[in-house]
Amino acid sequence: MSGMRRLNAFSYPRPALSRRRFIQGSAAVMAGLAAANCRQNLSGPPSGGGNDGTLHIYTWANYTDDGLSQAFTEKTGIPVVVDIFDSNESMLTKMQAGGGGAYSIIYPSDYMVSEMTELNLLTELDQSRITGLENLKAKWVNPAYDPNNAHSIPFCWGTTGLVYNRKASPGAPVDWDFLWENQAALARRVTLIDDMRETLGATLKSLGYSYNTNNPAEIEAAYKWLLELRPAIAAFKTTGFESELLGGDLSVSMAYSSDAIALALEDDNLEYIIPASGSSLWTDTLAIPATAPNVEAAYQWMNFILDPEVARAAVERLLFATANQAAFDRLPPDIQNNKGLYPPEEVLVKSEGIVAVDEVSTALFDKFWTQVTSA
Amino acid sequence: MPRSLTWPSLFTALMYAFMYFPIVVLGVYSFSDSRYSSGWGGFSLRWYRALFSDRRIFAALQDSLTIAIVAVAVSAVLGTLMAIGLARYRFWGKALYRGVSYLPLIIPDIAIAVATLVFLASVAVPLSLGTIIAAHIVFCLAYVAVVVSSRLQSLDPNLEEAALDLGATPTQALIKVLIPQLAPAILAGCLLAFVLSMDDLLISSFTAGGGANPLPLEIFSRVRTGVKPDINALSVVLILGSALLAGLAEYVRYRSDRNRQPS
Amino acid sequence: MAPPLAPSPPPSPPWADRLAPRRWLGPVVLLGPAGLWLLLLLVLPTLLILEISLVPGLRLGQPSGGYGLGNYLQILQPIYLRVMGRSLVFALGSTLLCLVLGFPVAYWLALMSPKRWRNLLLVGFILPLWTSSLLRAYAWITILRPSGVVNTLLTALGLPTQNWLNTSTAVFIGLAYSFLPYMVLILYASLEKLDTRLLEAAADLGATPRQGFWKITVPQTMPGIAAGCLLVFIASLGDFVVPTLLGGASSMNISRLIYNQFLGPTRAWGFGSALSMVLIFAVSLAIALLLRYGDRSTVTEAS
């Protein structure tokens, strides 16, 4: 073949810096500089300096919008960049695998706060730098998952329930059982939350057990019961079912109240219900990671969010249930009385928060969840 | 039977329709006023307006372009040199080297993404835009090398020999004779690598961190969290961009074929 | 007119020859940087996931135990074998679909289309490849959902509506759509080189067109067919976007499973690495099969 060549037998004096080598050399130097620069920017020490002054936030969808970030930037002059995650575990993975070095504010859920505190991934909050802590509702002043709010500030809370399309559903659900009872009519028109503890927990609840059971027999019963529902399940989606539900392609979706209420208010055909036998009560919080590059900006963001006026405006736009009593008092009555957002006490009593279970049970949950989603 | 109405031609026409059908659907819905893409809502440009005022999309596009341009630039150099080296020299372990250079084309994206993430996590390198670029260079240089290699096989070696006979150093012969001959292939390889880098989802989602948000990642997260139809408008814009690139690639190939014919 | 040859220096002794820069400078400069990059960011990581795949039960953030085959044994559980089987079915099915749909197109393009427009027509067919695969899969969601375009057309024609979204059917359609251009491209390259005189000779000797096709065209293009099938097979086996967006709850394939191990709730990195190694092995097996039948230059030309 013409491509093969023997080693060049001619000998010449060693060439001076050739153009090719120069280009190569500078490419290597530039690449090296770029790499070094990036790394310096993103793995700087927590006490600032060496970062570009931007506040990077890692949060759930629907908790911040352009209006909020722009208001913050106008007030403090700090630019804001928001990244979205869709599950606590993927956020934790990113933080642990080295991808979270740029974030100064994260939004872990209650049980994740406990876990991250144990892993030393969160900074202990200097409460003297935070104004507005007195605005919190009584229930969240000293929560079980984070005593005295040492590492996190409660941001919003909610329940997990069912949102359904009146026109496309074979009835109005009242409880989790509705899904199993109407399985045939719901063939591939149901979506469930893509979260192991939420979905298996809901199944446990529908069988009369607790979300946080450590009993292997109960967990297995829930797994088998969930398997029976499979023909009705279109997909496991935490969010993303909205347009299909609105269009009638889906009948019922399991959803977090913060997502569902905003959706239900958009269209009269949709309604959110909290299942009668109880659901999960969750809290999402604000926290500062241990590796945060811009701690000063992080505290400013926290104070900004805790400000009652800002919180009220955010709730009115984004429709989540706030943990801020002062903001709640300023809300218009129709939102205050929204049963989905702020359920009455008798409903709340039957719901439970998800906490970590023991290792054996966690392994069981893992195993059954993988089997359900892979079947 | 008229020549144009044979069943292969009809079938081919059907397949062309099949290929362009989703693109046409995206285009049609990008002009529809309805929010839920389940019915025509009247002609409207609101999604294009929403698209052009969407800061996140443009930041994501900027990230993607940065990654693609840097990765392709570095890969063009590295990949071309590697192809030339493989064509020119015999050495111990050459088959192994060649095999390794084909690996990025063969191993599925998910495996490469997983391996890169595990590696970066193990040596505690923080994830950033730079890590995405580094990961992209791996497969970009493999594609450039493959395209340039196949062109090298059909080159006339006498030109380079003649240059050497005329007193050029090997380096000069390389730069002034070989590289210009390879230029169309290098460009074709770069275009291919560019398209692949812009389209990459898995490697980016595994190696992204620290605020880096390439466009496919942004689109994927939007599709999963409830799409607003400005994605349709974005698709149309991107498709037009790709058509332009494809046209450019074809033009380059056409020119290089014409230049090759006299020899 | 030609300038005189440069004088060659006296021959040097063998050991100096081996160490002289001019011998190894060239190869090192040409092959070194790329080789180093591949070594550092491809070979080393692959060896690393091989290593952690041998640590049973390795999870991110938890201390690891000793070596063992636990992760691989876990793959042998029925649930995971089913996922593997499903991935194979998807890959084989889409390969077959692409072959059946793509061969007539390549045939017409290579042998029957007007010569002037041939290249343009080919590029026209390949053009969708240049757009984002993510967006093309997303387009299919719009088309296949119960209130989507397909059902609108079916209703207009009076036919019963289908709900193909979130089923295997949607995955097959999506995969075939994504990889059909590759198949056509490779088959085209192979068919272009077909010597039509053989077909003429066969016709002269009394063969029907069908005999000519099966006894001449197909065997002659077999390397291209093999290469195309291999490419589509590998691409479909490891595809993530189409099964995720179009497949729903019942189409977990190996790519999604691996993704879930790393970026999902279980964070079982050891198990995920074992799955990745199995995938790499399956792909290598397929390639080994190709090298027995196929034509590598066809593949490189096609890329």
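The model is predicted, so local features need pLDDT of at least 70 and side-chain atom pairs count only at pLDDT 80 or more, while totals for chains, interfaces and linings use all residues. Residues are numbered from 1 along each chain as its sequence is written, chains are lettered from A and ligands numbered from 1 in the order in which they are written, and side-chain values use heavy atoms, leaving out hydrogens and water.

Trainee: How many helices does chain B have?

Mentor: Helices are DSSP runs of H or I with at least four residues, and strands are runs of E with at least two, both numbered from the N terminus. Chain B has zero strands, and its helices come to 11.

Trainee: And how many helices are there in chain C?

Mentor: Read along the sequence, the pattern of chain C is a run of α elements. With zero strands in chain C, the helix count is 14.

Trainee: What share of the residues of chain B is buried?

Mentor: Buried means under 20% relative accessible area, exposed over 50%, and partly exposed in between, with a 1.4 Å probe and protein chains only. Chain C has 303 residues, of which 51% count as buried. For the 263 residues of chain B, the buried share is 57%.

Trainee: Of the contacts in chain B with a separation of 6 or more, what share comes from residues 24 or more positions apart?

Mentor: A contact means heavy atoms within 4.5 Å. In chain C, among contacts between residues at least 6 apart in sequence, those joining residues at least 24 apart make up 66%. In chain B, residues 24 or more positions apart account for 71%.

Trainee: Which cysteine sulfur is nearest to that of Cys140(B)?

Mentor: A disulfide is a covalent bond between the sulfur atoms of two cysteines. Here it is taken as a pair of cysteine sulfur atoms within 2.5 Å, and the whole structure has zero of them. Cys140(B) is in no disulfide, and at 8.8 Å the nearest cysteine sulfur is that of Cys190(B).

Trainee: Is Cys140(B) buried or exposed?

Mentor: The relative accessibility of Cys140(B) is 0%. That value puts Cys140(B) in the class called buried.

Trainee: Which residue forms a salt bridge with Asp249(A)?

Mentor: Side chains of opposite charge can pair when their charged atoms come close. A salt bridge is a side-chain nitrogen of Lys or Arg within 4 Å of a carboxyl oxygen of Asp or Glu. The closest N and O atoms of this pair are 2.8 Å apart, and the partner of Asp249(A) is Arg145(C).

Trainee: Why does that pair join two chains?

Mentor: Asp249(A) sits in the loop between helix H8 (242-246) and strand E7 (252-256) of chain A. Arg145(C) lies in the loop between helix H6 (133-144) and helix H7 (149-156) of chain C, so the two chains joined are A and C.
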